[in-house]
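I open this notebook to record what I looked up in the structure shown below. The entries follow the order in which I consulted it.

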Amino acid sequence: MSKIIAVEHLTLDGVMQSPSGADEDTRDGFRHGGWVHRHDDPVQARVMGEHMATHHGALLLGRRTYEQFYGFWPQQTGNPYTEVLNKTEKFVASRTLTEPLPWENSTLLGGDVAAAVRELRQDLVVLGSGDLLQTLMRNDLVDEYLLLIHPIVVGGGRRLFDGADLGELRLTDSVTTPTGVVIATYRRG
């Protein structure tokens, strides 16, 4: 059976909005973007590299995340993640994009995204993509959460579990990095 894994950076207060840059996602006046990089360290890089090496699913991205990734990763030379991301099959949920999508190995999922994801019947990894992830959670489609919980409180912004009723999750692994990031893996049921 296929599995969907959500890989998400969160603040201690559960915010997932705009982790990488100040102008990444300013919806609702959010002005705390770029909080993730101050906690980068070799342990986090190693754990995430190991995760990428052992979870060979396709990427499932929302439009906003897809456009941000496409605007950055294909231009990064000498970075080992670039080749992996370019070669990885990518499914993009969007009501506004049209095919052909510009990034190699990208396929558009239009219409009812929950139904489209159910029909894919393959392992998928969701990165960021908050709106898409909310849809997947409402439709009981996420099997595992790999959460990178950063030691920062921003006080407001879009949160991962707003309105979600997932029931109990089971902690299956955790690592704390030298910069205080807790990398925790939770599974449903």
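Predicted model: local features only at pLDDT ≥ 70, side-chain atom pairs only at ≥ 80, totals over all residues.

**Entry 1**

I found an open sheet of eight strands, ordered E4-E3-E2-E5-E1-E6-E8-E7, with mixed pairing. Strand E4 (106-109) and strand E7 (169-176) form the edges, each pairing on one side only. From one strand to the next, the twist averages 25 degrees.

**Entry 2**

I then examined strand E2 (residues 58-62), which pairs with strand E5 (residues 124-127) in the parallel sense over three bridges. I noted that Ala58 has Leu124 of E5 as its bridge partner. Helix H2 (residues 63-72) packs on the sheet and touches E2, strand E3 (90-93), E4 and E5. The direction of H2 makes about 110 degrees with that of E2. Helix H5 (residues 130-138) also packs on the sheet, where it touches strand E1 (4-11), E2, E3, E5 and strand E6 (144-150). For H5, too, I recorded an angle of about 110 degrees with the direction of E2.

**Entry 3: helix H1**

I turned to helix H1 (residues 42-54), whose 13 residues reach 18 Å from the first C-alpha to the last, close to the 18 Å expected. Which residues of H1 are buried? I found Gln44, Val47, Met48 and His51. These residues lie on the same side of H1 because they cover an arc of only 95 degrees around the axis. Pro42 and Thr54, on the other side of H1, are exposed. The cover over the buried residues of H1 includes E1, E6, E7 and strand E8 (182-188).

Lastly, I checked the N-terminal end of H1, which Asp41 caps. A side-chain oxygen of Asp41 lies 3.0 Å from the backbone nitrogen of Val43.

Technical notes. Residues numbered from 1 in each chain as written. Heavy atoms only, no water. Pairing = 2+ DSSP bridges. Helix = DSSP H or I, 4+ residues; strand = E, 2+ residues; numbered from the N terminus. Axes fitted to C-alpha atoms, helices over the stretch in contact; angles between N-to-C directions. Contact = heavy atoms within 4.5 Å. Expected span 1.5 Å × (residues − 1). Buried < 20%, exposed > 50% of the residue type's maximum accessible area, 1.4 Å probe, protein only. Arc of directions from axis to C-beta. Polar contact = N/O pair within 3.5 Å; in protein donor to acceptor, adjacent residues only side chain to side chain.
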